[in-house]
Amino acid sequence: MEALNIPQVEWSALLPVLTVVGAALLVLILELFLPRGQHTPLMLVGLLGLGLAGYFQLALWGASLVTWAETALSDNIAVLLNLAILVSSGLVLLFADDYLRARNMRYGEFYPLLLFATAGAMLMISSTNLMVVFLGLEVLSLSLYVLTGLARAEVRSEEAALKYFLLGAFASAFFLYGIALLYGAQGSVDMRVISASWVASMPGKMTNALLVASLALMLVGLGFKAALAPFHMWTPDVYQGAPTVATAYMAAVSKVAAFGVLLRLLSAAMPMLDLWSPIMWAIALLSMLVGNLVALIQRDAKRMLAYSSVGHAGYLAVGLVSMNMTSLTGVLFYLVAYALMTVGAFGVLSLMARAGDATTVDALRGLARRQPFAAFAMAILMLSLAGIPPTAGFWGKWYLFLGALEGGQTLLAIVLALTSVVGAAYYLRLTFSLYADALEAPAARWSVPAPMVVCLLICLIGLIGLGIAPRPLAESSRQAVERMANGEWQVVSGE
Amino acid sequence: MPAEYVPILILFGLAAVITAVMVGGSWLLGPRRPTPAKTAPYECGITPVGSARERFPVHFYLTAMLFIIFDVEIAFLYPFFVMVRDLPTEARGFVIGVATAFATLLIITFLYELKKGALEWEDPVEHRRLKAELKNQ
Amino acid sequence: METHRLPTELVIFILGLPFAGCLFHALFGGWLVRVLGERAGKWLVGAVGTGVVFAALWLSIVLLQTMLNLPEEARRANHTLADWLAIGSVHVPFEFIIDPLSVLMCLVVTGIGGLIHLYATGYMAEDTDYPRFFTYFNLFIFFMLTLVLAGNFLVMFIGWEGVGLCSYLLIGYFYRNADWKYNTDSANKAFIVNRIGDLGFLLAMFIILVIFGSLSFEEVNKRAAEVLGVGTGIATAVALLLFLAATGKSAQLPLYFWLPDAMAGPTPVSALIHAATMVTAGVYLLTRVHPLFEIAPAAMVVVAVVGAFTAIFAASIALGQTDIKRVLAFSTVSQLGYMFLACGVGAFWVGMFHVATHAFFKALLFLGAGSVLIALHHRGDIRQMGGLRRYLPITAATMVVGLLAISGFPPFSGYWSKEAILLSAYGSRLTEWIPLLFWIGIATALLTAFYMTRLTWLVFFAPSFASASTHTGGETPPGHAPGRERYWVVLGVLIVLAIGSTLFGWVLPSETDIHEFLKPVATPVHLGSEMLGESEAGKVLVTGAALLAALLGLGLGIARYRVGMPPRETQLQGLWGVLHRQWGYDGAMRWLGVQLGGAFAWVIGVLIEGLIDGLVDLVGVLTRELGNLVRGLQSGYVRSYALMMMLGALIMLIVAFIYGWR
């Protein structure tokens, strides 16, 4: 029989994901043996796991490793984005308990599911092998479907879960079909080969057509995950229907993961720029316009944020279309900032669970009277989402804007600026209503639970810190992008 | 176009044509004189009660899904045990390690199912209620 | 002094002191008032708030003295605090510029600002939210100094937005009293209208960044002509966008209408922010980047025309106002118009000169009005005043000084700067409209004297309303008798400002001193002297006409209001009503804002909903048969969503094959 090649493995590159998976399994077992409804140990173990994973991840900074038969890798982009994912997951984990208790959803499954989803998202970013990416995508998605339907007593949550599941499966099929065609064309599922085979392929041949179709189909699948128009239709329904903590998680993490993969895929497909840039151009334009304009007429804050997340996806897509150092730096910077902003904003909305879970803009009126700190935090988060200095959101947009100008995408840059103004309108409207008088008699003041205070403080300090001193993160992002562009890999694999 | 796939295409075409001919032929040629007794669902001569489209208890689906998981496990493990003895020594440790990881994951899943009561047919709550009723009688 | 360079590190302290003050009030103010008791706590807060501004003033004076000892070419220095942004080739440091222009503005901001802080310790003494007021007030000084010291557009933009924020906070300062609705609406109005101007600033900044690759004032000014070209479209566009920013902040047509409502804030705020400093930021901006304007002659004409027209427009409206602070607000708009007229004809230093003199006498007038308001328990309707000189002798005397200064009587400060403006307007050859602009300036001088006389006379000298109303059958007189002048700080500040308004411009620093001082930074570099009114030719005519206009205005005012306001005017009938309603401009803008804005939002809403829903419906109708086949899916909208995805994927595939397949 043939000799079996045992791959040599650089375990440190896999350690962060493995740690999260381990923590998830531990939490899963732990939940069985704890008294019902007692979730604090689960949360602590989860946080410990995430923290440990974060430490391992940080230790990988500067390394460019490809290992496990070239199915796993670690570079600075992976480090940055995985850290963003870990931080967002940690924040959600921290404040979820209070929400789940207030909504009477004491399902211990929440914790392992969240951790599995995190592992999936990290896996997506830490590989160029599309099968591994797909595996990560499915782990993330399946966990999210369940998390969406967690409030199973509520029709809206169930409906959202079913919609998300059906459409998500549809999108996964597109993605998988794209991978299959790629394999058909070049006999490999590694996205880094796509450009090589494109350059090598003879014009007018079958391979060519397969590559074109494969890239387009993969963009559909990822566009769905990233909530890019016209694949965004699920976003408002699911964001609104899902329990707010799940929404906070999925809004931040799946966007980071999807854009991480898009970033890798499209920069690997640089030689095919002529092919995908008109597609991404149209997607970016459509997302910015649809997301921001429709958000303008929303009455529910969760729906509004959902549409606005489509708009943000559009801004990020502008960065991908422009495809230069500045714009890709902007994409990384924006993803980190966006993760913080979104988790914080939905976190504040999750506090509304106590007030009967009304998340309409009207219900938020006068929040400043009832809960000054939450209102203040929300105001800063909204300013950051609107891109008003000195917040991280401003610099994200700024880099994307400059990147677009540098990349010669003047029209997109103008639309980005204009739709940001539209965005500022609805964010500021929400902010003003926080400080306006409530429509009904002001309800009693209530206090923000301590974990939430910690989370919001982390978000605010992060956003304002990045707003005042954007350079460290911008420099790191730039380094990450430059290293990827130079393609220096240390391959640990083989016999 | 790779020419070696053409026979498969022809096979597909043939399958479709044969099916169409058989189903369509009986539909076209067969006499149809329906009576109420003929159109009724066949239930061993007993008059049908209610619709045939009944919903099954969710337990069936659950059990089916759990079965698939373990079915796949068997499908993986069987060839593994067959092969492992023939492997070179230096590869054996690695392969066993992979298999152990796989099995561990399944065991944890199994424990979880067991503890959550997913393998019990009766609804635990309903079960307790029935038991209490029996005692009272 | 031995130094051969400017001590630029002082900038950190000049900026840091007010900011530290702001932090101090914000963090400890309320606590101090609680712990030390109301009296001592307020005293401490007031002392710290005022002290930091005066300390900044002292540092500015040190800077000025060092600067005067240096040769002219060494009077310009940059101080880079930190490297802020570096994006590829673009490099934006956190830099400040120290030159005669910024030092002059520093002196005005901290000098007048310090006095007004001092005044506020008396004026706000009874306010319950004392520390909050000083928090905002010190924060304003900080941002204003950032604005004037900024070395590039981005740093200036921080200050620009910051002062806007403080203005917003302070206009809506009384958000808990009976007029809270009006106050907060006014604050929102100021904020929103200013956003339009900010859009101009931002766009101009982006264009400059893209074209110049730098935002530094020094570099942009130096390379303006070679990079943009003289008289090109892009040069005009940049200049006009910057001017749009200036019209927002400095309350010029078409964006002036937020300023009158901004008077809802406390009077020291009106004096400091909405008269002496913040609203002059537009003039400062124009002077700071004057080469950009000089290479765009068309924009210069626009600046001059808008300035002159705003001057007379606002002056006419001031005639019909009945609230003491609103009269002064329109007078500010009108005086700012003068400053823009000066900038528009290329006499940038004259504009800055008027900024300085105007800061003195307008602060004086506002603070005098504040003194009147204290006495009258904050009722500002001049129709119900009269004869107050008996109660408020010092206020009356200082207000008369203010009247003479703003009307342009020699030797008061207003005379020097206003005459300089008219002279440069008269001599300019920039456009054939110049004679018209000049005569508008003269007419505005007449109106200014007239409405200021009207105000001063009706408040202090006319028979009191109580005695007048007995035979006009008006409303009941005010219940309370006017109070006396109580706060020594209020009177002290009034006297200091009155002295300043009298001496500034001919004794303290004379007009020629200021001209010499500003020469290196405000002399046009691209406009030849043949375009400017440097000649002394028209001096006699100009001085004569201006003085005649001022005298005529004074005389007419006294004649008309000798025995109080005529009843037709009191009831705002006819022309007075039109003037009172600002020629309908404010109403029209409000209508535009509310109605058209609402209509726009409605149209967008209908369009989007109609479009999206219609599209989904259309797709649904076209594919009903297909839909029937896939009914196994959840009914409802998932179908349409999936269909949209499907269509999107199809279009993408088609596009990919069109563009990509070779």
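**Fold, interface and cores of chains A and C**

Chain C contains 27 helices and two strands. Helices (H or I, at least four residues) and strands (E, at least two) are DSSP runs, numbered from the N terminus. The model is predicted: local features need pLDDT of at least 70, side-chain atom pairs count only at pLDDT 80 or more, and totals for chains, interfaces and linings use all residues. Residues are numbered from 1 along each chain as its sequence is written, while chains are lettered from A and ligands numbered from 1 in the order in which they are written.

Buried residues account for 53% of the 662 residues in chain C. A residue is buried if 20 or more other C-beta atoms lie within 10 Å of its own, exposed if 12 or fewer, and partly exposed in between; C-beta atoms are placed from the backbone. Contacts were counted between residues whose C-beta atoms, placed from the backbone, lie within 7 Å. Of the contacts in chain C with a separation of 6 or more, 81% involve residues 24 or more positions apart.

Chain A has 20 helices and three strands. It comprises 495 residues, and 63% of them count as buried. Contacts in chain A between residues at least 6 apart in sequence were also examined; 81% of these join residues at least 24 apart.

The two chains touch. In chain C, 24 residues are in contact with 38 residues of chain A. Two helices of chain C, H25 (585-622) and H27 (638-660), each supply at least two residues of the side that touches chain A. H27(C) gives the most to that side, with 14 residues. By type, the residues on this side of chain C divide into 18 nonpolar, five polar and one charged. Here Ala, Val, Leu, Ile, Met, Phe, Trp, Tyr, Cys and Pro count as nonpolar, Asp, Glu, Lys and Arg as charged, and the others, Gly among them, as polar.

Nonpolar cores were then traced. A nonpolar core is a set of buried Ala, Val, Leu, Ile, Met, Phe, Trp, Tyr and Cys residues joined through C-beta atoms within 7 Å. The largest has 218 residues, of which Leu215(A), Val220(A), Leu335(A) and Met645(C) touch the most other members. Helix H13 (residues 325-351) of chain A gives the most to this core, with 18 residues. Met645(C) touches Leu167(A), Phe170(A), Ala171(A), Val220(A), Phe224(A) and Phe231(A), leaving aside residues up to four places away in sequence. A second, separate core of 216 residues includes Ile97(C), Met124(C), Leu145(C) and Ile312(C).

Helix H15 (residues 348-375) of chain C was examined individually. Its 28 residues reach 40 Å from the first C-alpha to the last, close to the 40 Å expected at 1.5 Å a residue. The expected span is 1.5 Å times one less than the number of residues. H15(C) bends by about 30° at His358(C). The bend is the angle between axes fitted to the seven residues ending at a residue and the seven starting there. H15(C) is mostly covered, with 27 of its 28 residues buried. Just after H15(C), His377(C) takes a positive phi of about 55°.

Ala281(C) lies in helix H11 (residues 281-288) of chain C. Ala281(C) counts as buried because 25 C-beta neighbours lie inside 10 Å. Its contacts are Leu147(C), Trp160(C), Val163(C), Lys249(C) and Ser250(C), not counting residues up to four places away in sequence. Ala281(C) and Val148(C) are 133 residues apart in sequence, yet 7.9 Å apart in space, C-alpha to C-alpha.

Backbone exceptions were listed for chain A. Most residues other than glycine have a negative phi, and most peptide bonds are trans. Trp68(A), a residue other than glycine, has a positive phi near 55°. Trp68(A) sits in the loop between strand S1 (65-67) and strand S2 (72-74) of chain A. With 20 C-beta neighbours inside 10 Å, Trp68(A) counts as buried. Glu70(A) is in the loop between S1 and S2 of chain A. Its phi is positive too, near 60°. Glu70(A) counts as buried, with 20 C-beta neighbours inside 10 Å.

One joins Ala229(A) and Pro230(A), with omega about 0°. Pro230(A) is in the loop between helix H8 (206-226) and helix H9 (234-241) of chain A. The bond from Pro389(A) to Pro390(A) is cis, with omega near 0°. Pro390(A) falls in the loop between helix H16 (372-386) and helix H17 (392-406) of chain A.

Terms used. Two residues are in contact if their C-beta atoms, placed from the backbone, lie within 7 Å.
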